[in-house]
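Have the viewer open and follow along.

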2 protein chains.
Amino acid sequence: MTTSAPRTPARPTPRERLLDAAAGLFYRDGVNVGVDALCKAAGVSKRSMYQLFDSKDEVLAASLERSGPTYQALLLPPPDDPRPPRALLLHVFERLDLLSTSPAYQGCPFVSTATELKNPEHPASVVARAFKQELTAFFHAQAARAGAPSPETLARQLTIVFDGAGARVVVQGHPLDGLATATATVLLDAAGVA
Amino acid sequence: MTTSAPRTPARPTPRERLLDAAAGLFYRDGVNVGVDALCKAAGVSKRSMYQLFDSKDEVLAASLERSGPTYQALLLPPPDDPRPPRALLLHVFERLDLLSTSPAYQGCPFVSTATELKNPEHPASVVARAFKQELTAFFHAQAARAGAPSPETLARQLTIVFDGAGARVVVQGHPLDGLATATATVLLDAAGVA
């Protein structure tokens, strides 16, 4: 066995800096953040940005692609979580209830992006839809494991509850106080997911 | 009894023209529509706009205030509808399922406005929240009439389903195919609203 020097984390590339700054700014301020503000926050010149990306729309899509897995990981149980399906499904809603207590929480970033863009064919709306479909697929897999009679319908209904709870935080401006978990519980009980 | 000449509808004032154009444009294109585009669509000069309103933010709030009741009327049953609470509650979700088939439907205007503004204290977010609370109050009143054990919780849960269904249309870019009504039905059944 050879020893090697401890690896230092690689310095983020301008592309990574740009996408990380973009994800934060777009989430906080919306998709209409300008290119100047974006480049300033990232410490990247506009010239560099346009060497890396054809347009702001591409930056938006790529930044959501890059930040999406971190957001999903906040909500989903780890892949090796040994608990039964009901607990894994409720985990997502418990995390959402918890996340809603953070002052920085502005709703689901995928729903917000699609809502702001108002165009399901925008490259960032396509990315947003794919991430939402991942969440629905997780619900579907667990509902099927639990023997729910219509796992596909239950998965869609749980997604609706998830997104409606997010919308509630945005509209009301205060946390969910357990409402996401309570509502999901009603659907799981009704579907016999014990 | 005196007779009077038949009343012709009053010509819309510049204020009304501005607010109607604004409501349409903000819903279609988002809250970042500029003042120039707004005034052009309304056929009103910028000078007139600023004589009527202190800021675009005020136009946004006033336009939502003016258009909100029309949107609510699309969804709510008429006040003299004699049907029992369950039918009146499901009416809202049936209308939403139907509305989602319209290519012009871009989700709930109140949720969209709050999502785009990202500030619950913005005057238009305050208007949006009041309209959402009207919907929740309708759910609450009918749930109480039906003898649901926790009418307030049920009303909040129905609001979550309503908003999550709207988000689904925006994200997926296609109609609900009855999913709003089906999900609300599960909650009503679970609450014993027969």
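What is the handedness of the crossing of H6(A) and H7(A)? Keep that in mind while we look at the overall layout; the model is a predicted one.

## Overall layout

Chain A holds nine helices and zero strands. Read from the N terminus, its elements go α-α-α-α-α-α-α-α-α. The C-alpha trace of chain A spans about 55 × 55 × 30 Å along its principal axes.

## Helices H6 and H7

Back to the opening question: H6(A) and H7(A) cross in a left-handed way. Helix H6 covers residues 109-117 of chain A and helix H7 covers residues 123-145, and the two pack at an angle of about 145° with their axes 9 Å apart.

On the H6(A) side, the residues in contact are Phe110(A), Val111(A), Thr113(A), Ala114(A) and Leu117(A). They meet Ala124(A), Ser125(A), Ala128(A), Phe131(A) and Lys132(A) of H7(A). Sorted by class, this contact has seven nonpolar, two polar and one charged residues.

## Helix H5 and its two partners

Helix H5 (residues 85-99) of chain A is worth a stop, with two packing partners to look at here. Take helix H9 (residues 179-190) of chain A to begin with: the axes of H5(A) and H9(A) come within 7 Å and cross at roughly 155°. That angle makes H5(A) roughly antiparallel to H9(A), and their crossing is right-handed. H5(A) brings Arg86(A), Leu89(A), Leu90(A), Phe93(A), Glu94(A), Leu96(A) and Asp97(A) to this contact. From H9(A) come Leu179(A), Ala180(A), Thr181(A), Ala184(A), Thr185(A), Leu188(A) and Asp189(A). These residues divide into eight nonpolar, two polar and four charged.

Now for the other partner. How are H4(A) and H5(A) oriented to each other, roughly parallel or roughly perpendicular? Helix H4 (residues 56-75) of chain A packs on H5(A) at an angle of about 105°, with the axes 7 Å apart. H4(A) and H5(A) are therefore roughly perpendicular to each other. Here Tyr71(A), Leu74(A) and Leu75(A) of H4(A) meet His91(A), Val92(A), Arg95(A), Leu96(A) and Leu99(A) of H5(A). The classes in this contact are six nonpolar, one polar and one charged. Leu96(A) is named among the H5(A) residues in the contact with H9(A) and also in the contact with H4(A).

## How the two chains relate

The same surface serves both copies, as 100% of the contact residues of chain A recur in chain B.

## The interface in numbers

Between the chains, 37 residues of chain A are in contact with 37 residues of chain B. The area buried between chain A and chain B is about 3200 Å², and carbon and sulfur atoms give 68% of that. In chain A, the residues that lose the most area to chain B are Lys118(A), Ile160(A) and Val171(A), which together make up 23% of what that side buries.

Definitions and conventions
Residues numbered from 1 in each chain as written. Chains lettered and ligands numbered in written order. Predicted model: local features only at pLDDT ≥ 70, side-chain atom pairs only at ≥ 80, totals over all residues. Heavy atoms only, no water. Contact = heavy atoms within 4.5 Å. Axes fitted to C-alpha atoms, helices over the stretch in contact; angles between N-to-C directions. Helix = DSSP H or I, 4+ residues; strand = E, 2+ residues; numbered from the N terminus. Parallel < 35°, antiparallel > 145°, perpendicular 65-115°, else oblique. Left-handed = near helix turned anticlockwise from the far one by under 90°. Nonpolar A, V, L, I, M, F, W, Y, C, P; charged D, E, K, R; others polar. Buried area = accessible area lost by both parts, 1.4 Å probe.
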